[in-house]
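Have the viewer open and turn the model as you read.

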Amino acid sequence: MPGPKPLPLELSDHEGRVLRGWLRKRTASQALVLRSRIVLACAEGLPNARVADDLGVLRETVRKRRSRFAANRLESLTDRPRSGPP
């Protein structure tokens, strides 16, 4: 039985350029690169299960990243400052 239909993601030209730029940037964190890959794959219309299998992550991770990006766009992909000492 298939699950609920995932949120469709459509990227603006600017968002697509920024995401692809993060993939090429040598100083980008691995987490940011993975999040960018997830969003780009989701924007291609792939289902969460396929994206998860292709990138080696959990389906829940893909679902969470898709919904966060839909709500907060590019801001949702960068790490927020954390409290406490580094």
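This is a predicted model: local features need pLDDT of at least 70, side-chain atom pairs count only at pLDDT 80 or more; totals for chains, interfaces and linings use all residues.

The notes below cover a helix pair, the nonpolar core and one serine.

On the α2 side, the contact is made by Arg35, Ile38, Val39 and Cys42. Helix α4 brings Thr61, Val62, Arg65, Arg66 and Phe69. Sorted by class, the contact between α2 and α4 has 5 nonpolar, 1 polar and 3 charged residues.

## The largest nonpolar core

The largest nonpolar core has 20 residues. Those touching the most other members are Leu19, Trp22, Val51, Val62, Leu74 and Leu77. Two or more residues each come from α1 (13–24), α2, α3 (48–55) and α4, and α2 gives the largest share, with 7 residues.

Leaving aside neighbours within four places in sequence, Leu19 is in contact with Leu11, Ser36, Val39, Leu40, Leu74 and Leu77.

## A serine after α4

Now look at Ser76, in the segment after α4. Is Ser76 buried or exposed? Its relative accessible area is 11%, and under 20% counts as buried, so Ser76 is buried.

Again leaving aside neighbours within four places in sequence, Ser76 is in contact with Arg65, Arg68 and Phe69. Of these, Arg65 and Phe69 also take part in the contact of α4 with α2.

Methods. Residues are numbered from 1 along each chain as its sequence is written. Side-chain values use heavy atoms; hydrogens and water are left out. Contact means heavy atoms within 4.5 Å. Helices (H or I, at least four residues) and strands (E, at least two) are DSSP runs, numbered from the N terminus. Ala, Val, Leu, Ile, Met, Phe, Trp, Tyr, Cys and Pro count as nonpolar, Asp, Glu, Lys and Arg as charged, and the others, Gly among them, as polar. Buried means under 20% relative accessible area, exposed over 50%, partly exposed in between (1.4 Å probe, protein chains only). A nonpolar core is a set of buried Ala, Val, Leu, Ile, Met, Phe, Trp, Tyr and Cys residues joined through side-chain atoms within 4.5 Å.
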